[in-house]
Amino acid sequence: MSTLINERATTPALPALPELPKRPSLLGPTLAAIVVGAVVLAATVTLPIDWKDLGSIPAKIAHYTALMFESPNWEKLPRALF
């Protein structure tokens, strides 16, 4: 039994893992995202709209989406073009 333990103890060790490369810095992408977010936020806040009408936006989107897929009214084409 003692020879079995000694054989296990003398098995070769696993080779060392190669050194991993350094993680890239996330500072640049994080700063860019913050700057872009600030610009979008500033542009949104300064829009000249009545914020009380925000609830009607889904209904307007549905209305204009339905208009896009209805058959066209060719009588209004000259007015739209000229």
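On a 1 Å grid over the protein atoms alone, a pocket is an open set of points where a 1.4 Å probe fits, with protein on both sides within 12 Å along at least five of seven lines, and its lining residues have an atom within 4 Å of a point. The model described here is predicted, so local features need pLDDT of at least 70 and side-chain atom pairs count only at pLDDT 80 or more, whereas totals for chains, interfaces and linings use all residues. Residues are numbered from 1 along each chain as its sequence is written, and side-chain values use heavy atoms, with hydrogens and water left out.

**Pocket**
- The largest pocket is lined by Pro72, Asn73, Lys76, Leu77, Arg79 and Ala80.

- The chain has four helices and zero strands, helices being DSSP runs of H or I with at least four residues and strands runs of E with at least two.
- From the N terminus on, the elements run α-α-α-α.
- Buried residues, meaning those under 20% relative accessible area (1.4 Å probe, protein chains only), make up 0% of the 82 residues in the chain.

**Isoleucine 57**
- Isoleucine 57 is found in helix α3, which covers residues 57-69.
- Because its relative accessible area is 39%, isoleucine 57 is partly exposed, a class that lies between buried and exposed, the latter being over 50%.
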